[in-house]
Amino acid sequence: MMDKKSILFVDDEQMVLDGLRRALRSMRKSVDMAFATGGREALEILAEHPFDIIVCDMRMPGMDGAQLLQKVKKLYPATIRIILTGQADDSATKRAIHVAHQFLMKPCDPENLKIILKRACLLHQLMTHPLLKRTVSGIDHLPSLPDSYVEIQQVLNDPCSSVQDVANVVEKDIAMSSKLLQLVNSAFFGHFNEVKSPAKAVHLLGIETVKSLVLALKVFSDFKGSKISDNFLKSLWNHSVETALFTKEIIKTMGANKRDEENAFVSGLLHDIGKLVLAANIPDLYRKAIDLAKLYQLELRKAEFKVFKASHAEVGGYLLGIWGIPGDVVEAVTFHHRSHQYPGSPFTIAAAVACADRISHELDVERCIGICPVLDEKMFGSTEMVEKIGEWRQLCNGLKEQEHG
Ligand SMILES: [Fe+2]
Ligand SMILES: [Fe+2]
C-alpha cells in the first residue's frame, strides 16, 4: 500500500493552476495537492509541512522557477523537483538544470503528467529510508542525463529524421564516438573491426541500441576520475554490457516484442548504475559496505542494505526515474534483486535482468564482491520460467564464448 503522497504546484497564472486541479482530480484519493501562485507563497506552504513532490513553472515574476527550486533543494532536499518550461534552451532553463530532477515541456498533456506524477510518487515511496532519501536528493553530483542522449531523443521526435541524423549527433562527440566504435567492434558484439562509422553502427544495431550505448558510455565515462577506482569501473562496465546482451537474448526466448527487447537491453546496461552513484558520492560508507560483504560473505546488496537501508537497485531506479527514462526500465532496475516481489505479469524485464545478472556472475565468479547472487527457482513465480533456466544458461554461455573469441 502506498502512503498518500503530497504534491505542491506553483504557477503565477491562477488559470493554469485551476486547469491542473481539474485535470488531476482523479488522483485526489492517492495524492494531497496544494497550489501556490508564486515562489514566496510556495515557501510559506512548505514551511508548514514539507511536500513529497513540487511541480513549478519556470517563468514567474519575482522569484522564478529555478530560484525557487534552488531554495527547495537547500531547505527540503528530499522533495522531488519537477519544472515546467516552455523553452528547452533559454538561459533560465539552463540554470534550472542543476536544481530540477525533471523537466516537462509546456503545454503538458494531462495524461502524460499523471503518469509522470504517479511514477514520481512510486519512486518516492521506494526511497523509504529517510536517510537514503535525503542522501540521494541532496547529492550534488547526481549525474545528469547526458546532452548527447537528449539530442538523439530530440532527433527521434522529428518524424522526418533519418539514421544519418542520429549518427551525426554521435559523431559530434569525437571521444564518445570512438568509444562506441571500439565497443561495437569488440568481441562483445562480434563485429570485429567491420564497423567504421556511427552510421554503420546504427544500421547494424538499430537506433535504440546505439542510443542506450551512448547513454551508458557517457554516464560511465563521467565517473572516471571520481572516487571510484578504475578497476571497479572497468569490471562493472564489462558486467553491465554482458548483462545487457544476456537480458536481450533471454527476453527474446519469451516472445517479447521489439520495444521490450530494447528496454531489456538498456535495463541490463544500467542495472547497477546505483553502485556508481553511491561509490562516487558516499565513498567512505560504500567502502564500509564492500568490507562488510567481504568479511561476512554477504551479497553486496545485502551489505548495502545494512549501511544505507537501501541498495544500489533502488538508488539506480531513482536516478533513472528522475531522468525520465521509460517506466519499464526504471522498474526493471529497481527490482532486479527482488524480481519475485515485482507486481505484474509472470515474466517481466526485471526478471530477465535478474537472470542475466546472475548468469553473468556465474560465468565470472571472481568479479563478485562478497558472494554472488544465485539463480534459483525461488526467483520466479511460474514453472515455465524455471524450465527455461537451462536454455538461458546455454545461450549466455554461447555469447560469453564468442566474447572470448
Ligand atoms: Fe545489482
Ligand atoms: Fe549486476
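Colleague: Is β1 enclosed or open to the outside in this model?
Modeller: Enclosed, largely: six of the six residues of β1 are buried, so the rest of the structure wraps around this strand. Buried means under 20% relative accessible area, with exposed over 50% and partly exposed in between, using a 1.4 Å probe and protein chains only. Strands (E, at least two residues) and helices (H or I, at least four) are DSSP runs, numbered from the N terminus.

Colleague: Which way do the residues of β1 point?
Modeller: K5, I7 and F9 point one way, while S6, L8 and V10 point the other way, and all are buried.

Colleague: What is this model, and how are things counted?
Modeller: It's predicted: local features need pLDDT of at least 70, side-chain atom pairs count only at pLDDT 80 or more, and totals for chains, interfaces and linings use all residues. Residues are numbered from 1 along each chain as its sequence is written, chains are lettered from A and ligands numbered from 1 in the order written, and side-chain values use heavy atoms, leaving out hydrogens and water.

Colleague: Cheers! Back to β1: how many bridges join it to β2?
Modeller: Six, and the two strands run parallel. On the β3 side, β1 (residues 5-10) pairs with residues 53-57 over four bridges, also in the parallel sense. Two strands pair if DSSP finds at least two bridges between them.

Colleague: What are the bridge partners of I7?
Modeller: M33 in β2, and I53 in β3.

Colleague: What order do the strands take in the sheet?
Modeller: β2-β1-β3-β4-β5, five strands in an open sheet with parallel pairing. The edges are β2 (31-36) and β5 (102-105), each pairing on one side only.

Colleague: New topic, helices. At what angle do α12 and α14 pack?
Modeller: About 170°, with the axes of α12 (residues 230-252) and α14 (residues 273-281) 11 Å apart. Axes are lines fitted to C-alpha atoms, for helices over the stretch in contact, and angles run from 0 to 180 degrees between N-to-C directions.

Colleague: Which residues meet there?
Modeller: F232, L233 and L236 from α12 meet K275, L276 and A279 from α14. Contact means heavy atoms within 4.5 Å.

Colleague: Is α14 mostly covered or mostly uncovered?
Modeller: Mostly covered, with eight of its nine residues buried. Among them are I273, V277 and A280. The buried residues of α14 pack against several helices, including α11 (207-222), α13 and α17 (312-323).
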